[in-house]
Amino acid sequence: MKTLVSLDVNGRTYEIAVSPELTLLEALRYELGLTGSKQGCDKGDCGACTVLVDDRPTLACLTLAVAVQGRKVRTVESLAQANVLHPLQDAFDQHGAAQCGFCTPGILMSAVSLLEQGGDAPDRLSIKKALSGNLCRCTGYTKIIDAVEDVAANTSSPGPPGHTGS
């Protein structure tokens, strides 16, 4: 039996009928066509499916679609605006942090959450801790951390889409 849910994804509202066991990841990829979030382990171990729910990193493979009704979901598709890369995406490119790219969407979303918390720029240890739930199979961790650290040091606040910093 399907239930009609209203999902707020990347600032747009979608009305879809879902079965109670449909995960947020499945809804994003197969119902809404937002394939940036990757389907990796389906057990919450790899972080490839990480999205932001109410600005907090959330494993979409372990979250039911019905559970996010009324909450704001952001996917990696929300980062680039009008064909302009988000500062983190640009830094990943500049630092060579995206190797095969499979882990990149989840890592980007975890890093965006960290950087949008405000306050002082996070240090390497804080960055490592924030990204600890994301596995990179190509072992590009040093370049990834360098890229996040670069953005943290050079941006006053890489806030959500439409945000101009402070």
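**Close-up views of a predicted model**

At 4% relative accessibility, Cys46 counts as buried (under 20% relative accessible area, with exposed over 50% and partly exposed in between; 1.4 Å probe, protein chains only). Residues are numbered from 1 along each chain as its sequence is written, and side-chain values use heavy atoms, leaving out hydrogens and water.

View 1. A disulfide needs a pair of cysteine sulfur atoms within 2.5 Å, and a search of the whole structure finds 0 of them. Cys41 itself counts as partly exposed, at 23% relative accessibility.

**View 2. An open sheet of 5 strands.** The strand order is E2-E1-E5-E3-E4, with mixed pairing. Strands (E, at least two residues) and helices (H or I, at least four) are DSSP runs, numbered from the N terminus; two strands pair if DSSP finds at least two bridges between them. At the edges, strand E2 (12–18) and strand E4 (56–59) each pair on one side only.

**View 3. Strands E3 and E5 side by side.** Strand E3 (residues 50–53) and strand E5 (residues 72–74) run antiparallel, joined by 2 bridges. Val53 has Val73 in E5 as its bridge partner.

**View 4. Helix H3 on the sheet.** Helix H3 (residues 104–115) packs there, touching E3, E4 and E5; contact means heavy atoms within 4.5 Å.

Note on methods:
This is a predicted model: local features need pLDDT of at least 70, side-chain atom pairs count only at pLDDT 80 or more; totals for chains, interfaces and linings use all residues. Axes are lines fitted to C-alpha atoms, for helices over the stretch in contact, and angles run from 0 to 180 degrees between N-to-C directions.
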